[in-house]
Amino acid sequence: MKTQYLKYLLPLLLFWSCTTTINEDAPTIVDDDDQDANSSFADVTVPEGFNYETNRDLHIKVTSPNYPKKSMLRLYYVDNNDQKVEIQNAVSSDEGAFLTKITVPSYVEKLYMTKNAVGLIWEEEVDVVSNYLSFTFDENSNVIDAFAYDQFSSNQRTKNACEDYLVAINGKGKAFTIHQENDYNLVEYPDIYEKSYAMAYDQENDIMYYDVKGNLYSHTLSTGVSVLIDTMRTIDTNLNNGYPRMTLKDGKLYIGTKGAYAILDPATGAVLKNITVQNLPDNKNAGGDLVFDSKGDLYQACSGGLYRLDMNSDTTVYTATRISADNFPYYLTGVAIDRFDNIYVSTNGKNSKIIRMDKNDGSYAIVKRFTRNINDLAAFICSEDDFVSDDADGDGISDGFDEFPNDSTMAFNNFYPGRNGFGTYAFEDLYPNEGDYDFNDVIVHYRHNYITNARNEVVKVKTKYVAKSVKAAFNSGFGIAMPFHIDSLASVTGSVINTNLVSLNGKGTETGVSDDHPVIIVFDNQNAIVKNTGDIKFSDPIDMEMVFTSPISVETLGFADFNPFIFAQERAREIHLPGHEPTIKFNTAYRTAGVDAGDYRTGSGHPWGLSITHKFHPPKENIDITIAYNNFVRFVTSNGLSFRNWYTDDEGNRNTDKMYLDLEEVEE
């Protein structure tokens, strides 16, 4: 605003009761060959109720059908400069579920989420087609990388060397491992006692259980020591003849062949339960093996294809459901599974093959050919514990992911609008009279950091503010009315107070306002803190911190519910964003003293303030925003449906010679 406007502002209420307009000279517009020199935002027809928002709230739901367990989640989008902007870090429930609400720029068309579990990073993307979006991490989710702790935390961590591998034997008494993550290289182990074609592996104790003509043995893989446990005595002789399928789960040995199944105690060989199977024809039941996936579902691969075996309610009968559409062209001997639920099968013969199989449809591909027999397979599967380091503060988040590893009350930083960028509030200060629409009188950049705990609750908010202006003559303060009760706040620190316009209480919020919406004062006099150098005057960074009495939900602290405002020359002259409510300190006489229609919009829908999810480069003094930003009019007249990125540096958006490019860097 121009200094000459000062003569029109009188602080007396009497003035406002008898004056409805302020006469001012028409703004001087610099001619431009590509723009209408006489165009003005005031001439633009604004759709009724348009709120000028450049962001939108999204409700996010996460499910994990594949490997459903507690996992590290990271949500981000890609901005107009093709940079990843992190939105939220969180931990899912033990079942892999998560719910949240976020705020993103309205131009964002895709969201991305990564899930870190069992040593790898999965990624999913969704199109932003509504305000309710779902991420589903299933077997088809894209694996993009392995854990690398220094990607997730400033704390340097060493990547764990754990890898999945296959454990194998053949009928010649050989024991060996196959390392699928290292081109299926073999590692030889001491021979087993006798010859066996059926085996299961207990990785926790490094013990292999195998069958020799009905005799159950244990074999310590690393030492080569074999011990006879007992002769198997199931009710079906087919299970006692030396060729049963075998697998382990929860310390129990599951065996089966030709429609007969049993559960054994591997330590003694005692039969715990005998089980039958339905819907698995004998002519399709030859060969193969049994294996459990990460969810505890039992699969059997055999000559008839891949089957899932579902236990009935009294755990005495399996019902087989065929997954494969066709029989296998190979006679299968062993089946194993990795932590990603990829099934591996081996084939019979002196030149056995390793085949990787999809458990969803039984599709498969040969991944390795060997010049030896492979008669049975099991697997060493890395657990989550193999991919985490110490949890120094005991909050359940490993130090490799915990950004506050020595503080159990905090776990993650979550920046808005991004870790490195700033959002902007830009105000005209002539309220309640119409301004010149250069929106450069009071500019406030902000970057919020919502610090959450291991339960994804907000513990505190740390915010960096920078005040800027071009030629504002009014002394303006800036505050935010918050969307929660004052009892939720323990303390607010960092306010810059230079006048007697406001006072703060013991918690650091403003006195004399509603407890339902406490007001945080960032500064009370812009001109007292900005530097008078260059085209843009700016303050030093203002670092503020809100600490909550108890952790608060992300939904309660939604950015869209923040109510920022400036107060020009006096505390009672509040100027809010369009559609927002003033505090009880607002002088309601301003409502009728100018052109405010009652909601901080003029009768034709023009605002005094804008919220921009980006660092705003202000128009030069008296340059209408529609001259500096080519597509702002299209954004407005489309009711925000088109050119939602009007403020970015995408081609065609800006006339840079009509604005002050705000390139001032802010130190962390």
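# A tour of the predicted model

Start at Asn500, which is exposed, with a relative accessible area of 73%. Exposed means over 50% relative accessible area, buried under 20%, and partly exposed in between (1.4 Å probe, protein chains only). This is a predicted model, where local features need pLDDT of at least 70, side-chain atom pairs count only at pLDDT 80 or more, and totals for chains, interfaces and linings use all residues. Residues are numbered from 1 along each chain as its sequence is written, and side-chain values use heavy atoms, with hydrogens and water left out.

**Around Asn500.** Asn500 sits in the loop between strand E34 (489-493) and strand E35 (519-523). Helices (H or I, at least four residues) and strands (E, at least two) are DSSP runs, numbered from the N terminus.

**The whole chain.** Zoom out. The protein has four helices and 40 strands. Of its 668 residues, 56% count as buried. Take the contacts (heavy atoms within 4.5 Å) with a separation of 6 or more: residues 24 or more positions apart account for 61% of them. The accessible surface comes to about 27500 Å², and 46% of this belongs to carbon and sulfur atoms. Accessible areas come from the Shrake-Rupley method with a 1.4 Å probe; for residues, only the protein chains shown count as cover.

**An open sheet.** Select E24 to E27. These four strands form an open sheet in the order E24-E25-E26-E27, with antiparallel pairing. Two strands pair if DSSP finds at least two bridges between them. Strand E24 (332-337) and strand E27 (364-369) stand at the edges with a single partner strand each, so one side of each has no neighbour in the sheet. Neighbouring strands here are turned by 25° against each other on average, direction ignored. Axes are lines fitted to C-alpha atoms, for helices over the stretch in contact, and angles run from 0 to 180 degrees between N-to-C directions. E24 and strand E25 (residues 343-347) share five antiparallel bridges. Pick Leu332: its bridge partner in E25 is Thr347.

**Strand E23 and its partners.** Go to strand E23 (residues 317-322). Strand E19 (residues 271-278) pairs with E23 in the parallel sense over three bridges. Strand E22 (residues 305-311) pairs with E23 in the antiparallel sense over five bridges. Click Thr319 in E23. Gln278 has Thr319 as its bridge partner, and Asp310 stands opposite Thr319. E22 and E23 form a hairpin with five residues between them, and Thr315 in the turn has a positive phi of about 55°.

**Aromatic rings.** Show Phe, Tyr and Trp. Rings (for Trp the six-membered one) pair if their centres lie within 6.5 Å; planes under 30 degrees apart count as stacked, over 60 as edge-to-face and the rest as tilted. The count is 36 aromatic pairs. Tyr193 and Tyr217 form a tilted one, 5.7 Å centre to centre, with 50° between the planes. Tyr193 lies in the loop between strand E11 (185-189) and strand E12 (198-202), Tyr217 in strand E14 (residues 215-220), 24 residues apart. Tyr193 is partly exposed at 46% relative accessibility, whereas Tyr217 is buried at 9%. Next, find one aromatic cluster whose members include Phe41, Tyr107, Phe439 and Trp646.

**Charges over rings.** A charge sits over a ring if NZ of Lys or CZ of Arg is within 6 Å of the ring centre and within 35 degrees of the ring normal. Select Lys249: its charged end sits over the ring of Phe292, 5.6 Å from the centre. Finish at Arg571, which lies over the face of Phe567, at 5.0 Å from the ring centre.
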